[in-house]
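I am opening this notebook to keep track of what I look up in the structure. My entries follow the order in which I went through the topics.

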Amino acid sequence: MFKKLSMLAVLLASVFIFSGCMATKAYQEIKPSTDKALIYVYRPESAIYRGTPYYVFINGKKIGTIINNAYLPLKVEPGKTTIALREYDLLEKVVDKKSFDLNNGKTYYIRVNSGLFGAFTLEKIDSSTAQQEIKVTQFYEGSLK
């Protein structure tokens, strides 16, 4: 009996330790630099596909992982930029892909919209709407690349 209780205690302790490994930070605004564009890719809280992570690619290069109620701040080169959302990072299954013309020193907000049957979409959102939505999201340490 003691052995079973000991094993259960070790198991529960492990769950608590490993569940806290990914540190979070509340939304913090970043100032854009004069030589790059700043993109916030964010995914508001949603009950649809809540536990499914999606991988964010910029111009074909994996940048990070976006999960429910999270954001990624990305400084990118100006010009035509393609953002792709994939369900798996190694497979070519693109969920959505959009291109944007970005300017130096400007900030852009791209929302990941949760849809039924895995139909996630990327949408450019105006600054005032996005700032209201993004301020309740979290940045997860380790979600970039």
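**Entry 1: a patch on the surface**

I began with the surface, where Y49, L116 and F117 make a nonpolar patch of about 390 Å². For such patches, residues must have over 30% relative accessible area and no salt bridge, with nonpolar side chains (Val, Leu, Ile, Met, Phe, Trp, Tyr) joined within 5 Å and like charges within 9 Å. The areas come from the Shrake-Rupley method with a 1.4 Å probe, and for residues only the protein chains shown count as cover. I noted that the model is predicted, that local features need pLDDT of at least 70 and side-chain atom pairs pLDDT 80 or more, and that totals for chains, interfaces and linings use all residues. I also noted that residues are numbered from 1 along each chain as its sequence is written, and that side-chain values use heavy atoms, with hydrogens and water left out.

I then looked up L116 in the chain and found it in the loop between strand 8 (107-113) and strand 9 (121-125); strands (E, at least two residues) and helices (H or I, at least four) are DSSP runs numbered from the N terminus. L116 counts as exposed because its relative accessibility is 58%, where exposed means over 50%, buried under 20%, and partly exposed in between (1.4 Å probe, protein chains only).

**Entry 2: strands and their partners**

In what order do the four strands of the open sheet stand? I wrote down 4-3-6-7, with antiparallel pairing. Strand 4 (61-66) and strand 7 (94-102) stand at the edges with a single partner strand each, so one side of each has no neighbour in the sheet. Neighbouring strands of this sheet are turned against each other by 25 degrees on average, direction ignored; the axes behind such angles are lines fitted to C-alpha atoms, and angles run from 0 to 180 degrees between N-to-C directions.

Two strands pair if DSSP finds at least two bridges between them. Strand 6 (residues 79-86) and strand 7 have eight bridges and pair in the antiparallel sense, and I found A84 opposite K97 in strand 7.

I looked next at strand 5 (residues 70-76), which is mostly covered, with six of its seven residues buried. Strand 2 (residues 37-43) runs antiparallel to strand 5 and is joined to it by seven bridges, with A37 standing opposite V76 in strand 5.

**Entry 3: salt bridges**

How many salt bridges does the structure hold? I noted seven, a salt bridge being a side-chain nitrogen of Lys or Arg within 4 Å of a carboxyl oxygen of Asp or Glu. In one of them K98 is joined to D96, with the closest N and O atoms 2.9 Å apart. D96 counts as buried because its relative accessibility is 13%, whereas K98, at 31%, counts as partly exposed.

I then turned to R111, whose side chain meets that of E123 in a salt bridge (3.0 Å, N to O). This pair links distant parts of the chain, since R111 is in strand 8 and E123 in strand 9, 12 residues apart. The side chain of R111 also meets that of E133 in a salt bridge (2.6 Å, N to O). E133 lies in helix 2 (residues 127-134) and R111 in strand 8, so this pair ties together parts that are 22 residues apart in sequence. I recorded R111, E123 and E133 as linked in a network of salt bridges. Within it R111 is buried, with a relative accessible area of 14%, while E123 at 32% and E133 at 24% relative accessibility count as partly exposed.

**Entry 4: residues in loops**

S46 has its place in the loop between strand 2 and strand 3 (54-58), and it is buried, with a relative accessible area of 16%. Its side chain reaches the backbone nitrogen of I48 at 3.1 Å.

My last look was at phi angles, keeping in mind that most residues other than glycine have a negative phi. N59, in the loop between strand 3 and strand 4, has a positive phi near 50 degrees. N69 also has a positive phi, near 60 degrees, and its place is in the loop between strand 4 and strand 5. I noted that N69 counts as buried because its relative accessibility is 16%.

Notes:
A polar contact is a pair of N or O atoms within 3.5 Å; within protein, one must be able to donate a hydrogen and the other to accept it, and residues adjacent in sequence count only if both atoms are side-chain atoms.
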